[in-house]
Amino acid sequence: MAASLALTRRGFIASGGALGLAGISPRALGAILDPAPTLIYRGARIHTLDPALPAADSLAIAGSRIVGVGTWAELKALATPRTQVVDLGGQTIVPGFNDAHLHAVGEMLLNAVLVGNPFEVEFFTIDRIVALLKQRAAITPPGRLVSGEFYDDTKIKDGRPVLMADLDRVSTQHPVIITHRGGHTYVVNSVAFRLAGITRDTPNPFGGTYDRDANGNLTGRVTDLAIDPIKALTREPDLTPEQLRARALAGAAKISQEFVRYGLTSVCHTAPGLVGGGVSTADDFAALQQLRREGKLHHRVSYETSGAMLDALIANGVRTGLGDEWIRIGATAEQFSDGSFSERTMSRATPYPGRTPPYYGNLTQTQDGLDALVEKQFRAGIQPNFHANGDVAIGMVLDAYERGARLVPGADRRPKITHCTNVSPQLVARIKALGVVPALFTSYAYYNADKFHFYGAEMMEHMMAYRMMIDAGVPVCAGSDFPPGPFAPLMGLQGMVTRKGWNGEVWGPSQKITVMEGLRVLAANGAHATFEEDIKGTLSPGKLADMVVLDGDPAAVDPEKIKDIRVQQTIVGGEVQYKA
């Protein structure tokens, strides 16, 4: 195997046999390499994802960059007396994982009432949820909101979802709302309904529902935009601006630590909006910058914003890509066009089974609204990004992208569709033709298998369609959407490869992909989604030294054990940001 080297300032670039290492002394190599390697890992199984050198056992780093990849016999000559050499004893190195869409809710993890497990499959009882909320109610002023996060309706030991009557046990003096971890449905108590003036006779608004039982009574479940009047009339306990900023900073530090613990080196970080624990976008963005100044930001951020911050960027001529290797302006935050996959509110061309009257899911934006947003963002040089789960919404977003491309011609815009869950070959062909970047769910195939019976076997062959996308030549990437899905990349990889859930059920087996395809989705394609494929995504000389050391090889273990591989080190820019 011939080493691949990045030779800098003097313009020497060689790979394969272009540079013979034999006969060149370490001192001479140190003079050519600028600078000489500061660190060499050896004795590893390295999956580079670089077609020029797909596998290696050693890797050299100088500062924040990779300067050589190959065998130890080839790279040992690069070592100088100042080079640290680390033998990994057969552990595996892969490129750093890139989550192409999530909500970085560290503040929520620190301060919210967690009525579900954020990271793993765990079942809660309704009594346990009620007890946790009662504890918060006991220290919350009467009339102020008591809320719970990470609720999951199919992970309740009682075998049924939480209802309004259950939350009425929490308090008769506080509005109570629990948010499904998917972020599109809620359960509220009677006080919350009463404050918002909602009764059994209140009609469903555009883009949402107040669910009712067979007798027409409210169950407490509220979907999508129907929550807006309730949230408008329920208030969290007051916090000062200083307290909010402190929470934002602590939350950003917490989530950054969690990301690298799981091997995430880059994240498309959605600004607070649908979820965020009360943190403002301004405080969130300021916290990231402060962490970076203090050397406490462990992962790289592509910041996806909305609202006033997005308007200000556009007004001041700021375009997608402004920033540096640590924090840069990315696409927009997900702009909603429909409901949820996991919560069964996404828009469908056919009705959901067993629903009377027929229910087709929730559209949350009109075609005119989509068209206007795309045109505005194309003209401003901002990468648009729309949340679309169902086939109806995906088609509408593609219509808007096609119209925008006619009105505002341009090359390589890479507009995103976040989730892009329910597709057909016809939709995938349009995605390919437009250069759209779809960011499919990562951990859902494993974590949410208990929900897929709502759709059925035939429809699940078109959900999270990695195989269909890859075969069509679409550079599909992956986003956990945390909180809706755990952000563990190896859990996501196992689901992509096996399509088997935690409960042993297999859904959509035609969409299975290989381990190496999955690694590319999680790393190289994520870099492409943010226009950063030239600096990360593969372990190639000249790219950033972002990588993960694993105690097992995903390509060699039992595919149903991939999620059990442990992250030993997460390295960002040549610096160890996490060590087990």
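Which are the buried residues of helix 12? Please go on from there to whatever else can be said about the model.

Analyst: The model is predicted. The buried residues of helix 12 are Ala393, Ile394, Gly395, Met396, Val397, Leu398, Ala400, Tyr401 and Gly404. Buried here means a relative accessible area under 20%. An α-helix has 3.6 residues a turn, so residues three or four places apart point the same way.

The length of the helix can be checked. Helix 12 runs over residues 391-407, which is 17 residues. At 1.5 Å a residue, helix 12 should span 24 Å, and because its end C-alpha atoms are 24 Å apart, the two values agree.

Next come the neighbours of the helix.

Another part to look at is the loop between strand 24 (477-479) and helix 17 (489-498), where aspartate 481 is placed. Aspartate 481 has 5% relative accessibility, so it counts as buried. Leaving out residues up to four places away in sequence, aspartate 481 touches His101, Leu102, His103, Glu334, His419, Phe441 and Tyr444. With one of these, histidine 103, the side chain of aspartate 481 makes a polar contact of 3.3 Å. The C-alpha atom of aspartate 481 is 19 Å from that of isoleucine 329, and these two residues are 152 apart along the chain.

Proline 486 also lies in the loop between strand 24 and helix 17. Its relative accessible area is 1%, and therefore proline 486 is buried. Apart from neighbours within four places in sequence, proline 486 is in contact with Pro118, Phe119, Arg181, Thr442, Ser443, Tyr447, Ser480 and Met491. Between the C-alpha atoms of proline 486 and phenylalanine 124 there are 17 Å, with 362 residues separating the pair along the chain.

The last topic is empty space. Rolling a probe the size of a water molecule over the atoms shows where empty space is left. The structure holds 6 cavities of 30 Å³ or more. The second largest cavity has a volume of about 70 Å³. Its lining divides into 4 nonpolar, 6 polar and 2 charged residues. Among the lining residues of the second largest cavity are Pro95, Gly96, Asn98, Thr265, Ser266, Lys536 and Asp546.

Technical notes. Residues numbered from 1 in each chain as written. Predicted model: local features only at pLDDT ≥ 70, side-chain atom pairs only at ≥ 80, totals over all residues. Heavy atoms only, no water. 1 Å grid on protein atoms, 1.4 Å probe; cavity = no way out; pocket = protein on both sides within 12 Å on 5 of 7 lines; lining within 4 Å. Points joined across faces, edges and corners; volume = space filled by probe spheres on them. Nonpolar A, V, L, I, M, F, W, Y, C, P; charged D, E, K, R; others polar. Helix = DSSP H or I, 4+ residues; strand = E, 2+ residues; numbered from the N terminus. Expected span 1.5 Å × (residues − 1). Buried < 20%, exposed > 50% of the residue type's maximum accessible area, 1.4 Å probe, protein only. Contact = heavy atoms within 4.5 Å. Polar contact = N/O pair within 3.5 Å; in protein donor to acceptor, adjacent residues only side chain to side chain.
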